[in-house]
Amino acid sequence: MRQKKISIRDVAALAGTSVGSASRVINGAANVTPEVRAKVERAIAALRYRPNHAAQALRSRSSKTIGCMFSDVTNPLYARAFRALEARFFNAGYMLLLANGLNDPKREVSILNTFQLRGMDGVIIAPGNERDPDVLDAVQNLTMPAVIYDRDMDVKADAVLYDHAKGIADTVRHLISLGHTRIALVLWQARSRPVRRRIEGYKAAFKAAHLPVPDLLIQGPSPTSSAYDAITDLLGRPDAPTAIIAQGTQTLSSTLRAIATMGKRVPQDISVVGIGDSDFAEDYAPPLTVLRTPVESVADCASAMLLERIQARSGEAQPEPRANVFPYALIERQSCGPVKRRAG
């Protein structure tokens with residue numbers, strides 16, 4: 001029996017709105033209340049409705065567009081990831097369109113629904129709310145292939161993941177080998193996979209070394225928050241850390257500024273490791289030891305997996321969802337040294 005074609009009237013009826021209101025939501029008009037927009041988007045997801053402009057793309061089997069949603073595009077890691085992904089999709093004849101989720105679950109659901117409405121050929125997503133039920137439902141309702149970028153999401157989709165736990169554990173072990181036991185970890189406040197896994201690796205390394213886990217976990221409100229006040233306070237304590245592992249460029253920069261303000265030298269008085277490599281880390285005096293993320297290799301893998309799904313014809317047997325895990329590389333420079341022993 002032929003399945004009934006879903007129309008905009010069906011969407012409006014399920015949403016309890018007029019056809020005109022449903023049309024305005026579908027076409028991205030601004031003169032729609034949030035309540036109406038939410039009702040229509042829920043109806044669209046429930047009915048798996050595809051509007052005319054998407055249907056045209058379906059008839060040609062391709063819109064030649066890929067949707068990309070990152071949780072916060074001000075994060076330098078995501079900026080580098082987008083550039084790497086964009087180059088690969090451009091070479092394959094696709095345009096990669098970026099959306100900023102801002103770690104807001106409602107915004108993320110709306111973006112995912114827009115990707116669906118616009119008939120994207122595929123999506124690459126790193127939502128900030130990977131366990132939110134509405135976000136998970138929106139991902140499950142996508143009718144195009146998806147690749148999950150470094151998130152633990154209970155959905156049927158391919159994934160590319162960084163091995164944060166091992167990277168941090170290796171770094172802690174390296175610092176312990178230099179005599180450090182008071183090692184601070186500076187991250188941001190989130191429940192996303194990268195933060196969870198880094199904390200897991202941090203604790204695991206101390207336990208494996210039969211050392212107590214120090215109370216030296218600092219978490220700022222955002223990935224680009226300044227750690228200056230927190231690190232200044234920490235370094236003023238009698239039991240101050242002798243080594244610090246800090247995320248990103250902005251957080252790392254404010255950490256180094258706090259170290260200088262407190263009259264300490266790197267690495268003579270305190271060792272420093274950055275999470276993620278950058279020109280800043282390499283050009284700093286002294287050059288900073290870092291955990292380097294294999295962004296280019298991840299982009300190769302993510303784009304290849306998504307293009308394989310896109311180019312597979314309907315009816316063909318599809319492989320089960322795959323997850324590829326990529327290690328960090330600890331790049332040793334000049335910012336780590338043996339622990340400075342206190343005068344006794």
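Reader: How many salt bridges does the structure hold?
Author: The structure holds 20 salt bridges, each being a side-chain nitrogen of Lys or Arg within 4 Å of a carboxyl oxygen of Asp or Glu. As the model is predicted, local features need pLDDT of at least 70 and side-chain atom pairs count only at pLDDT 80 or more, while totals for chains, interfaces and linings use all residues. Residues are numbered from 1 along each chain as its sequence is written, and side-chain values use heavy atoms, without hydrogens and water.

Reader: Which residue forms a salt bridge with E130?
Author: R196 does, with the closest N and O atoms 3.2 Å apart. E130 lies in the loop between strand 3 (122–126) and helix 7 (133–140) and R196 in helix 9 (residues 193–208), so the pair ties together parts that are 66 residues apart in sequence. Helices (H or I, at least four residues) and strands (E, at least two) are DSSP runs, numbered from the N terminus.

Reader: Are E130 and R196 buried or exposed?
Author: Both E130 and R196 are buried. Buried means under 20% relative accessible area, exposed over 50%, and partly exposed in between (1.4 Å probe, protein chains only).

Reader: And what of D152, with which residue does it form a salt bridge?
Author: D152 pairs with R193, the closest N and O atoms being 3.0 Å apart. D152 is partly exposed at 22% relative accessible area, whereas R193 is buried at 7%.

Reader: Which residues are linked in a network of salt bridges?
Author: The network links E130, D150, R151, D152, R193, R196, R197 and E200.
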